[in-house]
Amino acid sequence: GQLGSLSPYWPQGIMRENVLRWLRGGLISGELRDGRFQIRGDMDDWPFRNHRGRYESLAQIKDAELDYVAAWPRAKDITATVRFADTSMKVEGSIGQIGGVQAQRVSAEIADLGTPVLKVRYDTESKLDTLVNFLVQSPLQQQIGTDLRRFDFSGAVATSGLLTAPLGASKGNMVVDGRVALLQNRFFDAGSDVALDAISGE
């Protein structure tokens, strides 16, 4: 089935409207390969907190496209497991490409759907010029202050980090805390004819 079939598995009774809007608007397309759920406990105690019952649903998705945060490149070709457990949501898998970068290991979590804060952990291995192209497409370009497309970059790079984004009325600002490892890279500025070779470090 298609990702629209996931709706029955969402614990809508504990979700804020902004989370439902994020799910409905963010899940652009994709295939639902498998899905199941279980509920155990007294429904008078719903939503289950403090181990007074158990709600869990599990779904396998493939070839999905997600618009996860406004103004950031969409994540495409996602293969992942989506799990709702009581008042939380967790997604684990990989992204075929996001702004041109492949993310081999990604997890996204909302610890409490009642006060939703999205946390995305990622690990990628790519080329430096591909990573720079991603940065240019993201809001981080404004913070960098220089058009990185003026320069030539080459070589391998590994990145990892955590993106934290409050959803809807949840308090706080979006924060990206990441690590970039340069592996024998090259930088060239054609305007000044300056070249730097064999750049390594974090």
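Which residue is the bridge partner of Ser57 in E3? The partner is Phe84. The model is predicted, so local features need pLDDT of at least 70 and side-chain atom pairs count only at pLDDT 80 or more, while totals for chains, interfaces and linings use all residues. Residues are numbered from 1 along each chain as its sequence is written, and side-chain values use heavy atoms, without hydrogens and water.

Mean pLDDT (the predictor's confidence in each residue, from 0 to 100) is 87 for the chain, with 92% of residues at 70 or more. Confidence is lowest in helix H1, residues 17-26, at a mean of 78, and highest in strand E9, residues 194-201, at 95. Helices (H or I, at least four residues) and strands (E, at least two) are DSSP runs numbered from the N terminus.

Strands pair if DSSP finds at least two bridges between them. E2 (residues 53-66) and E3 (residues 75-85) run antiparallel, joined by eight bridges. Ten bridges join E3 to E4 (residues 88-98), also antiparallel, and Arg83 stands opposite Lys90 in E4. The hairpin of E3 and E4 has two residues between the strands, and Asp86 there takes a positive phi near 55°.

The largest pocket holds about 930 Å³ of space. Its lining has 46 residues, and those closest to the centre are Tyr68, Ile98, Tyr122, Phe134 and Leu163. A pocket is an open set of points on a 1 Å grid over the protein atoms alone, where a 1.4 Å probe fits, with protein on both sides within 12 Å along at least five of seven lines; lining residues have an atom within 4 Å of a point. Volume is the space filled by probe spheres set on the points, which are joined across faces, edges and corners. E4 gives the largest share of this lining, seven residues.
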